Amino acid sequence: MKAIVCVKQVPDTSGKVAVKPDGTLDRASMATITNPDDLAALEAALRLKDATGCEVDVVTMGPPPAEGMLRECIARGADKAYLISGREFGGSDTFATSQIVAAGINVIGIGPEDVVFCGRQAIDGDTAQVGPQIAEKLHLPQVSYVADIQKEGNSLTVKRMLEDGYMMVKVQTPCLLTCIKELNEPRYMSVNGIFECYDNEKHPMIVLDYAALKDDPLIEVDTIGLKGSPTNVFKSFTPPQKGAGMMLTGDAPAADLAGILAKKHII
Ligand SMILES: Cc1cc2nc3c(=O)[nH]c(=O)nc-3n(C[C@H](O)[C@H](O)[C@H](O)COP(=O)(O)OP(=O)(O)OC[C@H]3O[C@@H](n4cnc5c(N)ncnc54)[C@H](O)[C@@H]3O)c2cc1C
């Protein structure tokens with residue numbers, strides 16, 4: 001049994017968000033982090049490893065520097081890292097990204113007891129489309145918004161968060177789960193892990209380039225990269241800052257609020 005975790009390196013948007021004059025994100029000038037939902041997905045996979053001894057593989061599609069993020073995943077406890085990288089993959093939208101990551105997962109191989117973990121959403125693209133699209137392309141059952149996981153033999157019972165409650169879902173493996181950051185508290189990298197994660201003999205970085213994926217039926221020139229992307233970013237912009245809020249700390253905040261709104265002729 002193994003767990004395959006899809007992780008994405010994203011710009012750290014807690015700092016200043018840099019936008020280029022053409023409206024695209026200036027990724028080069030921003031620090032990068034592992035997407036927060038993906039850390040929850042990795043932690044869930046590592047807990048499965050703690051409980052069952054399964055292998056945990058991490059996979060990302062990204063530029064060569066994304067290797068650093070994968071090494072950090074190894075320092076947290078992952079066993080193998082796959083970096084899907086190549087010029088041919090550049091400019092991919094969510095359709096093409098999921099096509100390529102799914103082909104990468106086919107190369108890794110999915111067994112009958114395996115579970116693919118994704119984050120629910122990446123904090124830069126923010127579409128929450130890639131996980132469900134990977135499941136579709138691999139013909140796997142999927143459960144999204146997962147907040148708890150129990151494994152019983154070849155099936156998982158998962159708690160799926162809804163806006164105003166939750167749903168318990170039983171799903172057979174192999175399957176794909178998209179995880180939310182409320183699922184768990186990701187563990188820190190261990191000191192040993194930090195020392196070992198750059199040991200190339202113990203943890204080689206397995207790079208999957210175009211040549212490694214091209215024989216997968218999902219990979220065609222018109223299904224990957226900019227050419228294979230049916231969507232285009234029309235415009236992107238930084239929303240204007242909201243004004244500072246006002247705290248109503250008196251004994252009768254509702255009456256105070258009504259007074260303020262009346263003064264502004266809103267009510
Ligand atoms: C309309 C549109 C056009 C775009 N055009 C371009 C473009 O021209 N050039 C460009 O560089 N980008 C482009 N992007 C961004 C690119 O499509 C996204 O970065 C990528 O498809 C992931 O989508 P997302 O960030 O919304 O991920 P989400 O769907 O929100 O991510 C969900 C989960 O999927 C997994 N995942 C997502 N991306 C990866 C990955 N790369 N590797 C491994 N796992 C992953 C993670 O587990 C993640 O938590 C475009 C996006 C959109 C919406």
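Modeller: A nonpolar core here means a set of buried Ala, Val, Leu, Ile, Met, Phe, Trp, Tyr and Cys residues joined through side-chain atoms within 4.5 Å, and buried means under 20% relative accessible area. Keep in mind that this is a predicted model. The largest nonpolar core holds 36 residues, and Val 5, Val 58, Phe 117, Ile 149 and Leu 177 have the most contacts inside it. Helix α1, residues 36-52, gives the most to this core, putting in seven residues. Let's zoom in on Val 5. Leaving aside residues up to four places away in sequence, Val 5 touches Asp 38, Ala 41, Leu 42 and Ala 45, along with Val 56, Asp 57, Val 58, Val 59 and Phe 117. There's also a second, separate core of 24 residues, and Phe 89, Val 101, Ile 105 and Val 116 are among them.

Now for a pair of cysteines. Cys 6 is buried at a relative accessible area of 10%, and Cys 118 is buried too, at 3%. Their sulfurs are 3.7 Å apart, which is too far for a bond, because a disulfide needs the two sulfur atoms within 2.5 Å. The disulfide count comes to zero.

One more piece is worth a look: helix α2. Seven of the 10 residues in α2 (residues 67-76) are buried, so the helix is largely enclosed by the rest of the structure. Those buried residues are Met 69, Leu 70, Arg 71, Cys 73, Ile 74, Ala 75 and Arg 76. After α2 comes Gly 77, with a positive phi near 135 degrees.

Note on methods: Residues are numbered from 1 along each chain as its sequence is written. This is a predicted model: local features need pLDDT of at least 70, side-chain atom pairs count only at pLDDT 80 or more; totals for chains, interfaces and linings use all residues. Side-chain values use heavy atoms; hydrogens and water are left out. Buried means under 20% relative accessible area, exposed over 50%, partly exposed in between (1.4 Å probe, protein chains only). Helices (H or I, at least four residues) and strands (E, at least two) are DSSP runs, numbered from the N terminus. Contact means heavy atoms within 4.5 Å.
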